[in-house]
Amino acid sequence: MWEYTDRVMDHFENPRNVGVVARIDGEGQVGSLSCGDALRLTIQIDKDKDLIEDAKFQTFGCASAIASSSALTEMIKGKTLDQALSLTNQDIADFLGGLPREKMHCSVMGQEALEAAVANYRGLPPPSLRGDVVCQCFNVTEEEIERVVRANRLTTVDEVTQYTKAGGGCGKCHPKLQGILDRILHKAPGNGSAEPLPAPAPRLSSLKRIKLIEEVIGSQIAPALMRDGGDIELVDVDGNEVTVVLKGSCASCPASKRTLADFVTERLRALVDPQIVVREQRS
Amino acid sequence: METIYFDNNATTRVDPRVLEAMLPFFKASYGNPSSMHHKGGEVGSALRQARLSLAALLGCEPHEIVYTSCGTESDNTALWSALRTQPDKRHVVTSKVEHSAIINNATFLAKQGYRVTEIGVDRLGRLDMDQLKAALTPDTAIVSLLWANNETGVLFPILEVGELCRERGVVFHTDAVQAVGKIPVDLGNSKIDMLSLSGHKLEAPKGIGALYVRHGLRFAPFMIGGHQENGRRGGTENVPYIVGLGAAADLALRRLPEENGRVRAMRDRLEAGLLEIPSTMVNGDREFRLPNTTNISFEYVEGESILFHLSHAGICASSGSACTSGSLEPSHVLRAMGVPFTAAHGSIRLSLSVNNTDSEVDRALEIFPAVIKKLRDLSPFWKDGAPALGNALLTCDDGGCQICS
């Protein structure tokens, strides 16, 4: 049995804002009957204030899909469109006290429906339908996968499936999904389609360089690790070699090597110097 | 709130008489049946008695039974024994609707270079006998088929398949985990070579299973060790559980008429009542089916949601929906039958037992319509008591969807 939080069960058993708003200013529909979950979100807008006056949903799906839809409507009512659009799928999951990893796609579905409804109000096509379809089974586009991968710092095809459903059907798109991950994680140097790295900082003096490394670790890397119960501390900088200690849940995490390689290295290379090598000192 | 347990194909309650029979073997009767003293002797005679009881339920000889830890071990033992004793044969035949114990072995064997044929089923879950006949070759080492499907209860024509395999000289194994105790089994008058069963499906505890191995069949042990089970399964006997399975077999044999009478009548009444809910259908052949099982699809709602609401009202059931398994696709059994995705996602399995009552069926028939209505009122595919399928985006009609086809 899934371990759902009390808040998930509350929103499942007593869903808020079910139905259709009195005046449909924007409408977003994601998912399908055959995919096993689908959400229709309607919003009513105070056009002077650009404010979501009312939001209602209809959902076909599992307990977490219904709870995520209910949570979404509670979170966006009374917000301006821009405030609402800044919500992430993680915010929806957090509102519910967390979702099982296999169910994260329910929170993504909520976010997509919101984007689609706002786009519909603004007379634009739904964002999740832009770009090439990568997963034919669940009709997921490359743009959508890339957005979710970046927003949730995903590193494996399994995670992509858990968050977007892409790759959960026939499995034929797994190589493509791996390709997208590789491109985002900069694992495919020399690949023509690889996105350019953010411009590295201009050549720095040793002191400025160390300070910048400190700053990137403190402001970008540590907070991300802390969200998963871990932490990182800078031990030494010697030329291009940066030595760190992983703490908390990172220290004993078998995935820590990958954390280092994929995330810490990627951030430091992108923001300080492409030549940086990261070493982990065992604490 | 009283529990209404309609999930007896998942597992059953241990009957108090079974537990009673087991308890002495956790206490005073702790001997090892192999030991040459009276503590071992008393245990040895209890094991012999238990074996007689199980043999009576199966209609076989006591020495044709090998105790295992579960149905999965029995399935693994049967499959690997057939392959090891016939190393020149490299072909395995099974079906598309097997339990994962067989399916995942078949996948593994295919990777090891074996040829695997999975026989299909029709819309009602019935085996394609013509395809089976055509699949058998001199290279076929074993045919392994479920007797009763765990999800739909549909029965394969196992006796007929046994005759066919014997004619063609192919070893035949059946996973009868769901069948034993629910329908009559008479192995002595069949051509079945091996049969798997599991204790916890017939009111014995979890952790005990058995494999019937026909007298004279070449056999290679899966668990290599001591001389226990005539050298066919090493490891000190799980004495209390074997005794428990014996007591459960005694009970099951006595209860077969009730299972096929009172339980069947309850199941039929429950099913008929549920079918009065609109946009509802039974999955599987209603004629050749276990007496205790029904698999019903409630279209336009999703199975996990149904289960949680049912559970809240006290009813325990299970579903073939994608969301309950953690995968993204609904049950392989329903897919092999060609059940539309719209219905597969909302499939619920109800499996009864002799412990259920008519008043439980009455209560379930009160609870179900409200649960389905509550979820359909939430569904974008339902409006004013009828399906509302106006939207192409929602119904995925563009043909791009590969899992539907």
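In chain B, strand β6 (residues 171-175) runs parallel to β7(B), and the two pair over 3 bridges. One place to look for this pairing is T174(B), which stands opposite L195(B) in β7(B). The model described here is a predicted one.

How many residues of β7 (residues 194-198) of chain B are buried? The count is 5 of the 5, so the strand is largely enclosed by the rest of the structure. The burial applies to both faces of β7(B): M194(B), S196(B) and S198(B) are buried on one side, and L195(B) and L197(B) are buried on the other.

Zooming out, chain B is divided into two domains, with domain 1 made up of 4-8 + 255-395 and domain 2 of 16-252. Their C-alpha centres lie 30 Å apart. Where the domains meet, 20 residues of domain 1 of chain B are in contact with 21 residues of domain 2 of chain B. On the domain 1 side, the elements that give two or more residues are α8 (239-274), β10 (293-298) and α11 (332-336) of chain B. Of these, α8(B) gives the most, with 3 residues. By class, this side of domain 1 has 7 nonpolar, 8 polar and 5 charged residues.

L47(B) is part of helix α2 (residues 38-58) of chain B. Is L47(B) buried or partly exposed? A residue needs 20 or more C-beta neighbours within 10 Å to count as buried; L47(B) has 19 inside 10 Å, so it counts as partly exposed. Leaving aside residues up to four places away in sequence, L47(B) touches P33(B), E237(B), V239(B) and I242(B). V92(B), by comparison, is 45 residues from L47(B) in sequence and 34 Å from it in space, C-alpha to C-alpha.

Turning to chain A, this chain has 10 helices and 8 strands. Buried residues make up 41% of its 283 residues. Among the contacts in chain A with a separation of 6 or more, 55% are between residues 24 or more positions apart.

Chain A contains an open sheet of 3 strands in the order β6-β7-β8, with mixed pairing. Why does one side of β6 (230-238) and one side of β8 (277-280) of chain A lack a neighbour in the sheet? Both strands stand at the edges and each has a single partner strand, so one side of each is left without a neighbour there. On average, neighbouring strands of this sheet are turned by 30 degrees against each other, direction ignored. Within the sheet, β6(A) and strand β7 (residues 241-248) of chain A pair in the antiparallel sense over 8 bridges. In this pairing, D236(A) has T243(A) of β7(A) as its bridge partner. Helix α9 (residues 206-227) of chain A lies across β6 and β7 of chain A, and the helix runs at about 160 degrees to β6(A).

How values were computed:
Residues are numbered from 1 along each chain as its sequence is written. Chains are lettered from A and ligands numbered from 1 in the order in which they are written. This is a predicted model: local features need pLDDT of at least 70, side-chain atom pairs count only at pLDDT 80 or more; totals for chains, interfaces and linings use all residues. Domain bounds come from an automatic or database domain assignment. Two residues are in contact if their C-beta atoms, placed from the backbone, lie within 7 Å. Helices (H or I, at least four residues) and strands (E, at least two) are DSSP runs, numbered from the N terminus. Ala, Val, Leu, Ile, Met, Phe, Trp, Tyr, Cys and Pro count as nonpolar, Asp, Glu, Lys and Arg as charged, and the others, Gly among them, as polar. A residue is buried if 20 or more other C-beta atoms lie within 10 Å of its own, exposed if 12 or fewer, and partly exposed in between; C-beta atoms are placed from the backbone. Two strands pair if DSSP finds at least two bridges between them. Axes are lines fitted to C-alpha atoms, for helices over the stretch in contact, and angles run from 0 to 180 degrees between N-to-C directions.
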